[in-house]
2 protein chains.
Amino acid sequence: MSFIGTSLIGHSTGEKTGTPFFGVNPATGAELPEPFFAASPADIDRAAKLAKGAFYAYSRTSGTVRAAFLRAIAAELESVRAAIVVRVPLETALPEGRANGELGRTIGQLNMFAGLVETGNWVDARLDTALPDRAPVPKPDIRAMQVPIGPVAVFGASNFPLAFSVAGGDTASALAAGCPVVCIAHYAHPGVSELAGLAIIRAAKACNLPEGVFSLLQGTGQEVGVPLVSHPAIKAVGFTGSRFGGLALAKVAAARREPIPVYAEMSSVNPIVILPGALGSRSETMATGLAGSVSMGVGQFCTNPGLVLLPEGEASDAFIASFASQMDASKGGTALHQGIANAYQTSTSTKKAHASVSTVVGIESKNPAGVAPYIFRATAASLLVDESLTSETFGPSTMLVTYSSPQELVDVIEGLEGQLTGTIQYDPTDLPLNPNLLSALQSRVGRIVLNGYPTGVEVCHSMVHGGPFPATSDGRSTSVGTGAIYRFTRYVCYQDMVNDALPAELKDGNPLGIWRTIDGQLSTK
Amino acid sequence: MSFIGTSLIGHSTGEKTGTPFFGVNPATGAELPEPFFAASPADIDRAAKLAKGAFYAYSRTSGTVRAAFLRAIAAELESVRAAIVVRVPLETALPEGRANGELGRTIGQLNMFAGLVETGNWVDARLDTALPDRAPVPKPDIRAMQVPIGPVAVFGASNFPLAFSVAGGDTASALAAGCPVVCIAHYAHPGVSELAGLAIIRAAKACNLPEGVFSLLQGTGQEVGVPLVSHPAIKAVGFTGSRFGGLALAKVAAARREPIPVYAEMSSVNPIVILPGALGSRSETMATGLAGSVSMGVGQFCTNPGLVLLPEGEASDAFIASFASQMDASKGGTALHQGIANAYQTSTSTKKAHASVSTVVGIESKNPAGVAPYIFRATAASLLVDESLTSETFGPSTMLVTYSSPQELVDVIEGLEGQLTGTIQYDPTDLPLNPNLLSALQSRVGRIVLNGYPTGVEVCHSMVHGGPFPATSDGRSTSVGTGAIYRFTRYVCYQDMVNDALPAELKDGNPLGIWRTIDGQLSTK
């Protein structure tokens, strides 16, 4: 395949300086032939300044214009589907079917945000009517709405080369909000990133948007991401990746003259709580379901269930035996890149060597970047004294933990770090659900799943893909679904503003026909 | 007057240990007779643990119950109005009329949040319908809403002993959201704080709420606030005060095992942009208006206009002369406490000595804790090379800055730190408003005021009292108005949850009759 190989800065390309880097086929360990060049300091500065230069004009575009842009990106991606589904497996070892499916999700997300901003209700317009005769002081006319926060730095994720990378969820939500985007391609899939980046730039040109509304920087998060996040033009950050990387960016963002919000999705073990009744009535089904969820995508999902809490006893022993028998070598595969395979090796070795942990399944892969299942077992009592047992092992691994009482179960949950999801497996005989169990789980997670598995994140209006630290660095938000737009906005209000200078969403007579809160009442008037 | 003098921890009192401290009458410098005792480490831990213990039950209370609680607090405050309006002037030098008015605002805020949670629409309920037959995978039933974040630490502000202290906006919004509150009284008004704290505790008992839903800690932010913010039970922080204090708390919150959000309102100079037309047509009116705004409350408002941008020329010289003539000694007064008077002295001395600054008015007060007007003048060119000229001087002071061109005006605005407000004074001959001026100002502020003054913050649904750093540490939020509730909430979703275990807001059939977004459409069904 043929690639430009440089960063894509507005309408032009970046510098071809420094030593090139290459994608690596994780399945073979071989470098791919096409060279890529990391963004130079001048590239980074130019991309950030172009984004700032584009911001005012882009922030004032209507929902209709932004919707057309998002749909144009979706169409441009569709037009390079063939190239993308060839390149994704080469750079990530993900199968072609997954590439096709993930591209579909990516296109779906763009169209979903197009629909959201076209309708326009999302701005949460609020109007309070003036009372010029009020005593002791007149009440002014005040109108508020969500406005874009400014240029956003988006970091591509290694485990979603499309849906959470260059044209993925963070970019879609930021562009929908009215924010220019400077994206840092994940260094493990530079070619897929270029294909997506070019699609966005073609769409931006076709829609006559200001240059700089989107730029793509090649290189690593450390060499390119840190200077970008430090740049005064950048006003928010979207990141999905390691805890180490996310914390480093949060530190950089907090140390700026103007600290900015960082939405870093970093780490989650997604506990599954199995209640006694559920274990009694459908142990086999759950063992199969859990095996599927733990190994889906070679375990490389942020919602992978890495912690299963079971009631002590024979029923759990039988469940564990059945689950373990299904976690054979077929449930492993090739990691997205060698770094993940190495981290998996380190993490599973540490747990294997832990005095309080027994290894139920432990398979070593002999393939390059290969990972195979590791299933561990421990007691809730051990976990309560050593929280490292609940640390994330990114890959097809889980920790099975037996609890001795409902209170110990609640204690374990309350002691957990923040999580993206928490699942309860229950049976009518477990009902009514213990309200404190639900409250405890809710206090630690963003999504509660009943009788299902956490993998599989529905992209919709009500999805919450977020959770208290370290699931995300900002647990008030979601990175999936239409609610994700609010990560890149803030409220602004206008006091006694002339109608001509107000945004259309707040003008007299509601020209856009959106839902607005007028003196506290929702109305389309 | 008679005071308990200790912290108020749930239903009991704190320890009387250590050296007592005393309120000080700023107008005389004399200590008030009643001793107060700072919370001990055991008091702090007990308050935080009680708040955690109360959280699950309180978070599950209905909007009706929380509304009754907020209204009961309002009624209890009203019942001690006489004592409050006597004590406020003694501890703060604010006049009785202000105490009465501020108490009215405080009561109004509590009742406003009562109305908000009683109606219930604020939770932003979102429901997506399951599609069990969807291919390739079924769509689950997902329902999301805003839920309380957990126990909140609230720091009382010195400049609003009622409306932004113990029973003020932060406490009202946190309690409305379903969060227990542990409040740190401002050390400068411990007696007023105890009166308000007791009112809340009486209301909590009358409403049969769990012990610990509210506690009041006496002492300073440093000795009591830092350990409280470090406590694992605390999940968010509301603060109004100095930049030094706010940054210190943000640092403590970020260094926790689980970092938590800090809403610190710290510093703002609230620029007023005067356009040539406005200067031509109503120079005198504006000079009087500005004098009133700069000196309101002895200049001790976070929305005090500390920076005025004027077009260079004779019209501005005349305006400045008129404004200066009105800023006589009568525009000064007694500061809230000696610390503010000292800081005012330091800050005005620094500006007075600055080579690029001329002092237009400089009056020294001879009273204890006295502050008198200081008006400075500089050029936009000087300000562009030294941003210290735009630093906040808390008190009846402002910096008048002349700009030489519309572009220089935009440059100055873009170089400003984040602000709570930005004001434009314009005349029809200045129209149409330069869209880039508006965009630039909007990028730096939370509220844009046209042809008015920033002091006077309307408490309503559309108020945005917040802005980019350092106006607040989290510029996406507001601390005034109903939107303030979202500082203490986060989104949670439920996947395939049984109806019985769902919050009422998300149950089938919409038993509360609230507005909900069902499959993307607002509905009361």
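## A hairpin to begin with

In chain B, strands β3 (residues 21-25) and β4 (residues 30-36) pair in the antiparallel sense over 4 bridges. Strands here are DSSP runs of E with at least two residues, helices are runs of H or I with at least four residues, and both are numbered from the N terminus; two strands pair if DSSP finds at least two bridges between them. B:N25 stands opposite B:A30 in β4(B). The two strands form a hairpin with 4 residues between them, and B:G29 in the turn has a positive phi of about 80°.

A word on conventions: this is a predicted model, in which local features need pLDDT of at least 70 and side-chain atom pairs count only at pLDDT 80 or more, while totals for chains, interfaces and linings use all residues. Residues are numbered from 1 along each chain as its sequence is written, and chains are lettered from A and ligands numbered from 1 in the order in which they are written.

## How the two chains are related

Two copies of a chain are related by a rotation about an axis and a shift along it. Here, chain A can be laid on chain B with an RMSD of 0.0 Å by a turn of 180° and a shift of 0.0 Å along the axis, which means the relation is that of a two-fold axis. The superposition is by least squares on the C-alpha atoms of residues with pLDDT of at least 70 in both copies.

The contact takes 64 residues from chain A and 64 residues from chain B, where two residues are in contact if their C-beta atoms, placed from the backbone, lie within 7 Å. On the side of chain A that touches chain B, at least two residues each come from α1, β5 (126-128), β6 (142-148), α14 (435-442), β20 and β21 (489-495). The largest share, 6 residues, belongs to β21(A). By class, this side of chain A has 31 nonpolar, 20 polar and 13 charged residues; Ala, Val, Leu, Ile, Met, Phe, Trp, Tyr, Cys and Pro count as nonpolar, Asp, Glu, Lys and Arg as charged, and the others, Gly among them, as polar. The copies meet through the same surface, because 100% of the interface residues of chain A are also interface residues in chain B.

## A sheet that runs from chain A into chain B

You can follow an open sheet of 12 strands with mixed pairing in the order β15(A)-β17(A)-β18(A)-β13(A)-β12(A)-β19(A)-β20(A)-β21(B)-β6(B)-β5(B)-β22(B)-β23(B). Its edge strands are β15 (358-362) of chain A and β23 (521-523) of chain B, each pairing on one side only. Neighbouring strands are turned by 20° against each other on average, direction ignored; axes are lines fitted to C-alpha atoms, for helices over the stretch in contact, and angles run from 0 to 180 degrees between N-to-C directions.

Within chain A, β19 (residues 419-425) and β20 (residues 445-450) run parallel and are joined by 5 bridges, with A:L450 in β20(A) as the bridge partner of A:I424. Across the chain boundary, 3 bridges join β20(A) to β21 (residues 489-495) of chain B, again in parallel. There, A:R447 has B:C493 as its bridge partner in β21(B).

In chain B, 5 bridges join β13 (residues 307-311) to β18 (residues 397-403), and the two run parallel. B:V401 in β18(B) is the bridge partner of B:L309.

## Helix pairs in chain A

The axes of α1 (residues 41-59) and α7 (residues 221-230) of chain A come within 10 Å and cross at roughly 40°. That angle makes α1(A) oblique to α7(A): angles under 35 degrees count as roughly parallel, over 145 as roughly antiparallel, 65 to 115 as roughly perpendicular and the rest as oblique. A:P41, A:I44 and A:A48 of α1(A) make the contact with A:V224, A:P227 and A:L228 of α7(A), and these residues divide into 6 nonpolar, no polar and no charged.

Helices α9 (residues 276-295) and α10 (residues 314-326) of chain A have axes that come within 9 Å and cross at roughly 25°; they are therefore roughly parallel to each other. Their contact has 9 nonpolar, 6 polar and 1 charged residues.
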